[in-house]
Amino acid sequence: RHPGLFLIDSAGAQEMIPTDLAETLQQLRAICEETDGLQIIAATANRELARGGIPDDRAKIAEAGAFMW
């Protein structure tokens, strides 16, 4: 059985423009809302885009200079 876990590392770090990253996050949000039990972990250095694309109650975002855990 698949664990329902999807990991994305360094989203937007390479040649992705911010609008494409924002669209990707919006699509991932929609997929997560449609799929029970799915967990998506997306690591990105772009806090503002993450805040705009992921609901506050579903996000863990480190502040500048802070550690995530």
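Q: How do you know that helix 1 has close to its expected length?
A: In this predicted model, helix 1 covers residues 18-34, which gives 17 residues. The expected span is 1.5 Å times one less than the number of residues. For helix 1 that expectation is 24 Å, and the distance from the first C-alpha to the last is 24 Å.

Q: Why are the buried residues of helix 1 said to lie on the same side?
A: The buried residues of helix 1 are Leu-21, Leu-25, Leu-28 and Cys-32. They cover an arc of only 60° around the axis, so they sit on the same side of helix 1. Exposed residues are found on the other side of helix 1: Thr-19, Glu-33 and Glu-34.

Q: What makes Arg-29 and Glu-33 a salt bridge?
A: The rule asks for a side-chain nitrogen of Lys or Arg within 4 Å of a carboxyl oxygen of Asp or Glu. Between Arg-29 and Glu-33 the closest N and O atoms are 3.3 Å apart, so by the cut-off of 4 Å the pair forms a salt bridge. The count for the model by this rule is 1 salt bridge.

Q: How far apart along helix 1 are Arg-29 and Glu-33?
A: The two are 4 residues apart in helix 1, and therefore about one helical turn separates them.

Q: Why is Glu-33 called exposed, and why is Arg-29 called partly exposed?
A: Exposed means over 50% relative accessible area, buried means under 20%, and partly exposed lies in between. Glu-33 has a relative accessible area of 53%, so Glu-33 is exposed. Arg-29 has 31% relative accessibility and therefore counts as partly exposed.

Q: Is Leu-38 buried or exposed, and what makes it so?
A: Leu-38 has a relative accessible area of 17%. The limit for buried is under 20%, so Leu-38 is buried. Leu-38 is placed in the loop between helix 1 and strand 2.

Q: Which residues does Leu-38 touch, not counting those up to four places away in sequence?
A: Leu-38 touches Gly-4, Leu-5, Ile-31, Cys-32 and Arg-58. Of these, Cys-32 is also one of the buried residues of helix 1. Leu-38 and Pro-3 are 35 residues apart in sequence, while their C-alpha atoms are 8.1 Å apart in space.

Q: Why does Ile-41 count as partly exposed?
A: Ile-41 has 45% relative accessibility. Buried requires under 20% and exposed requires over 50%, so Ile-41 counts as partly exposed. Ile-41 belongs to strand 2, residues 39-42.

Q: Which residues make the nonpolar surface patch that includes Ile-41?
A: Leu-5, Leu-7 and Ile-41 make this patch, with an area of about 270 Å². Membership needs over 30% relative accessible area, and Ile-41 is at 45%.

Q: What makes Ala-45 and Glu-48 exposed?
A: The limit for exposed is over 50%. Ala-45 has 74% relative accessibility and so counts as exposed. Glu-48 has 57% and so counts as exposed. Ala-45 lies in the loop between strand 2 and helix 2, whereas Glu-48 is in helix 2, residues 47-53.

Q: What is the pattern of the protein along the sequence?
A: The pattern is β-α-β-α, from 2 helices and 2 strands.

Q: How many residues does the protein have, and what percentage of them count as buried?
A: The protein has 69 residues, and 17% of them count as buried.

How values were computed
Residues numbered from 1 in each chain as written. Predicted model: local features only at pLDDT ≥ 70, side-chain atom pairs only at ≥ 80, totals over all residues. Heavy atoms only, no water. Patch = residues over 30% accessible without salt bridge, like charges linked within 9 Å, V, L, I, M, F, W, Y side chains within 5 Å. Areas by Shrake-Rupley, 256 points an atom, 1.4 Å probe, with all protein chains shown as cover. Buried < 20%, exposed > 50% of the residue type's maximum accessible area, 1.4 Å probe, protein only. Arc of directions from axis to C-beta. Contact = heavy atoms within 4.5 Å.
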